[in-house]
Amino acid sequence: MNYFQLFQLPEKFDLDLTELGSRYLRLQKQFHPDQHAAGSERDKLLAVQHTANINDAYHSLKQPLLRAEHLLALRGLKISQEQRSFTDPAFLMQQMELREQLADIEHSDDADAVIVNIEQLLQQQKKQLQQQLATALDAVSHEQDQLAAELIRKLKFFYKLEQELELIEQQLQD
Amino acid sequence: MAYSNKVIDHYENPRNVGSFDKDEAGVATGMVGAPACGDVMKLQIKVNNQGIIEDAKFKTYGCGSAIASSSLVTEWVKGKSLDEAQLIKNTDIAQELALPPVKIHCSILAEDAIKAAIADYKQKQGS
């Protein structure tokens with residue numbers, strides 16, 4: 001299913017999230033199962049199914065990485081289920097070092113300052129990768145799509161680092 | 001989801017955790033990652049003049065299954081020739097650790113890590 005078509009939005013990575021939100025609410029209202037309570041069993045079932053699709057579509061388009069994956073899937077490049085290992089040594093070495101920095105936070109004299117530093121670094125790296133991703137997806141070429149897929153894989157590692165950092169922050173607060 | 005006893009054993013008492021100096025003679029490094037879960041795995045081997053893996057070390061940031069898979073592989077490769085180590089299959093790892101289907105990718109990661117280390121060794125010898 002083409003989620004962009006469902007919301008009648010242009011098939012682009014750069015998406016107006018406010019517009020997406022209001023179209024989502026409108027569609028949800030229109031197909032809410034309560035609106036079809038008087039209908040046949042089949043109509044009710046279809047309404048439930050359609051509502052589920054609308055929810056899936058909204059959550060996929062709202063989140064940048066899922067939206068990028070959906071765009072690539074529409075162009076015939078499916079990466080969301082892939083289990084292939086990622087093997088860029090330089091990138092993975094940097095990830096390893098960042099993981100080590102996270103692990104060292106609890107032994108630091110000034111954990112808060114270290115956390116702020118790493119947070120800034122992660123934000124900066126993520127922003128850079130996201131900008132590259134937007135450019136690659138706008139090109140709509142096979143080669144750039146491959147690059148976009150690689151950038152999505154890299155971004156996933158940074159999302160994971162952010163999650164880990166949040167966990168550490170919570171543990172330190174407890 | 002419950003981990004098997006073997007996974008818990010490797011997780012609580014991981015074998016061969018650590019690093020070799022990557023520039024030391026005979027040392028080769030395999031780095032792999034899994035974007036889906038953000039796991040990062042480093043597996044290093046130390047190969048002697050006879051082409052036998054004398055020692056192995058790993059460092060893994062990931063779930064219990066990923067740590068157990070890499071720990072197990074470091075145990076398995078010690079004493080093996082490079083050709084023998086190349087034959088290690090993720091299915092063997094998954095079976096030994098009784099990994100559930102959703103954790104099979106952890107064993108794939110460990111297989112790819114040892115293959116990457118062997119490839120790194122061959123490349124270093126060739127250069």
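Trainee: Leaving aside neighbours within four places in sequence, which residues is H70(A) in contact with?
Mentor: Those would be Y3(A) and S60(A). Keep in mind as we go that this is a predicted model.

Trainee: Okay. Where is H70(A) found, and is it buried or exposed?
Mentor: H70(A) is found in helix α4 of chain A, residues 64-74. It counts as buried because it has 21 C-beta neighbours inside 10 Å, and the cut-off for buried is 20 or more.

Trainee: Staying with α4(A), how does its axis cross that of α7(A)?
Mentor: The two axes come within 10 Å and cross at roughly 155°, with α7(A) covering residues 142-173. Angles over 145 degrees count as roughly antiparallel, so that is what α4(A) is to α7(A). The crossing is left-handed.

Trainee: Which residues make that contact?
Mentor: From α4(A) you have L65(A), A68(A), E69(A) and L72(A). The α7(A) side brings D145(A), A148(A), A149(A), I152(A), L155(A) and K156(A). By class, that contact of α4(A) with α7(A) holds seven nonpolar, no polar and three charged residues.

Trainee: Now chain B. At what angle do α4(B) and α5(B) cross?
Mentor: Roughly 130°, and their axes come within 8 Å. Here α4(B) is residues 90-97 and α5(B) is residues 104-126. That angle makes α4(B) oblique to α5(B), and the crossing is right-handed.

Trainee: Which residues meet there?
Mentor: N90(B), I93(B) and A94(B) in α4(B) meet I104(B), S107(B), I108(B), A110(B) and E111(B) in α5(B). Five of the residues in this contact of α4(B) with α5(B) are nonpolar, two are polar and one is charged.

Trainee: What about the two chains, how many residues are in contact?
Mentor: 15 residues of chain B are in contact with 14 residues of chain A. On the chain B side, β1 (27-34), β2 (39-47) and α5 each supply at least two residues. α5(B) gives the most, with five residues. The chain B side divides into ten nonpolar, three polar and two charged residues.

Trainee: Switching topic: which residues touch the most other members of the largest nonpolar core?
Mentor: M41(B), L109(B), A113(B), I114(B) and A117(B), out of 39 residues in that core. Among the elements of chain B that each supply at least two residues are β3 (53-61) and α2 (64-77). α5(B) gives the most to this core, with ten residues.

Trainee: What does M41(B) touch, leaving out residues up to four places away in sequence?
Mentor: Its contacts include V32(B), F58(B), A66(B), L109(B), A110(B) and A113(B). Apart from that core lies another, of 15 residues, among them L98(A), L133(A), I152(A) and F158(A).

How values were computed. Residues are numbered from 1 along each chain as its sequence is written. Chains are lettered from A and ligands numbered from 1 in the order in which they are written. This is a predicted model: local features need pLDDT of at least 70, side-chain atom pairs count only at pLDDT 80 or more; totals for chains, interfaces and linings use all residues. Axes are lines fitted to C-alpha atoms, for helices over the stretch in contact, and angles run from 0 to 180 degrees between N-to-C directions. Helices (H or I, at least four residues) and strands (E, at least two) are DSSP runs, numbered from the N terminus. Angles under 35 degrees count as roughly parallel, over 145 as roughly antiparallel, 65 to 115 as roughly perpendicular and the rest as oblique. A crossing is left-handed if the near helix is turned anticlockwise from the far one by less than a right angle, and right-handed if clockwise. Two residues are in contact if their C-beta atoms, placed from the backbone, lie within 7 Å. Ala, Val, Leu, Ile, Met, Phe, Trp, Tyr, Cys and Pro count as nonpolar, Asp, Glu, Lys and Arg as charged, and the others, Gly among them, as polar. A residue is buried if 20 or more other C-beta atoms lie within 10 Å of its own, exposed if 12 or fewer, and partly exposed in between; C-beta atoms are placed from the backbone. A nonpolar core is a set of buried Ala, Val, Leu, Ile, Met, Phe, Trp, Tyr and Cys residues joined through C-beta atoms within 7 Å.
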